[in-house]
Amino acid sequence: MAIAKRFEIAHEAVFPQGAYLRGIVEPVADFQAEKRPDGSRPQQRDKETGLPMWQCTVIDGDDDANRRELGVSVKFAAEVQPVPPKNTSPMPWTPVKFVGLAALPYVDDSGNRPRIAWSFRAQGFAPASQEQAKPGDQKAAA
């Protein structure tokens with residue numbers, strides 16, 4: 001089959017009501033590797049490129065997102081820690097837009113019933129547009 005496991009997808013298709021950075025971009029711990037003498041874990045590396053892996057948690061601005069989809073993890077394979085845009089909004093969370101976003105579907109069988117879940121990767125950040133700065137406004141206007 002010619003379809004790659006991970007496929008590119010537009011930021012707006014995944015986060016039509018916007019995405020809001022919660023917390024910081026941090027290294028992904030490698031739970032497959034041996035612990036260091038101090039008990040910490042080394043940073044995970046991308047299997048294809050060998051680059052260090054980073055992750056952040058974003059809040060999906062969609063009011064209809066269910067509890068499992070509200071906080072979404074997005075990973076990056078990058079030599080240096082990705083830097084999100086500065087928060088110029090009045091909110092405690094930074095509105096963000098992902099550049100080079102890719103999705104990977106998988107079966108999550110950790111609950112009572114298996115479900116399709118998504119793993120996201122991005123190449124970086126871009127400043128979010130102004131219409132994303134207030135969650136729920138688009139829904140209220142409808």
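1. How many salt bridges does the count come to? The count comes to 3 salt bridges, where a salt bridge is a side-chain nitrogen of Lys or Arg within 4 Å of a carboxyl oxygen of Asp or Glu. This is a predicted model, in which local features need pLDDT of at least 70 and side-chain atom pairs count only at pLDDT 80 or more, whereas totals for chains, interfaces and linings use all residues. Residues are numbered from 1 along each chain as its sequence is written, and side-chain values use heavy atoms, with hydrogens and water left out.

2. One of the salt bridges joins Glu12 to Lys97, with the closest N and O atoms 2.9 Å apart. Because Glu12 lies in helix 1 (residues 11–14) and Lys97 in strand 5, the pair ties together parts that are 85 residues apart in sequence; helices (H or I, at least four residues) and strands (E, at least two) are DSSP runs, numbered from the N terminus. Glu12 is partly exposed, with a relative accessible area of 42%, and Lys97 is partly exposed as well, at 30%. Here buried means under 20% relative accessible area, exposed means over 50%, and partly exposed lies in between (1.4 Å probe, protein chains only).

3. Asp46 forms a salt bridge with Arg121, the closest N and O atoms being 2.7 Å apart. This pair links distant parts of the chain, since Asp46 is in the loop between strand 2 and strand 3 and Arg121 is in strand 7, 75 residues apart. Asp46 is buried, with a relative accessible area of 6%, whereas Arg121 is partly exposed at 22%. A salt bridge is also formed by Arg115 and Asp108, whose closest N and O atoms are 3.4 Å apart; Arg115 is partly exposed at 26%, while Asp108 counts as buried at 15% relative accessibility.

4. Turning to the sheet, 8 strands form an open arrangement in the order 1-6-7-4-3-2-5-8, with mixed pairing; two strands pair if DSSP finds at least two bridges between them. Strand 1 (7–8) and strand 8 (124–127) stand at the edges with a single partner strand each, so one side of each is left without a neighbour in the sheet.

5. Strand 2 (residues 19–27) pairs with strand 3 (residues 53–60) in the antiparallel sense over 6 bridges, and it pairs with strand 5, again antiparallel, over 3 bridges. Leu21 is placed opposite Val58 in strand 3 and has Thr94 as its bridge partner in strand 5, while Arg22 stands opposite Thr57 in strand 3. Strand 3 has 6 of its 8 residues buried, so it is largely enclosed by the rest of the structure. Strand 3 also pairs with strand 4 in the antiparallel sense, over 7 bridges, and the bridge partner of Ile59 in strand 4 is Gly71.

6. Which residues form the aromatic cluster? Phe15, Phe76, Phe98, Phe120 and Phe125 form one aromatic cluster, and the structure holds 6 aromatic pairs. Rings of Phe, Tyr and Trp (its six-membered ring) pair if their centres lie within 6.5 Å, and planes under 30 degrees apart count as stacked, over 60 as edge-to-face and the rest as tilted. The rings of Phe76 and Phe98 have centres 6.2 Å apart and planes at 45°, so this pair is tilted. Phe76 lies in strand 4 and Phe98 in strand 5, so the pair ties together parts 22 residues apart in sequence. Phe76 is buried with a relative accessible area of 0%, and Phe98 counts as buried at 4%.

7. Phe98 and Phe125 form a tilted aromatic pair as well, at 5.5 Å centre to centre and with 35° between the planes. Phe98 lies in strand 5 and Phe125 in strand 8, so this pair ties together parts that are 27 residues apart in sequence. Strands 5 and 8 run antiparallel and are joined by 4 bridges, and Phe125 is the bridge partner of Phe98 in strand 8. Both Phe98 and Phe125 are buried.

8. A last point concerns a loop residue. Met91 sits in the loop between strand 4 (71–77) and strand 5 (94–99), and Met91 is buried, with a relative accessible area of 15%. The C-alpha atoms of Met91 and Tyr20 are separated by 9.4 Å, although these residues are 71 apart along the chain.
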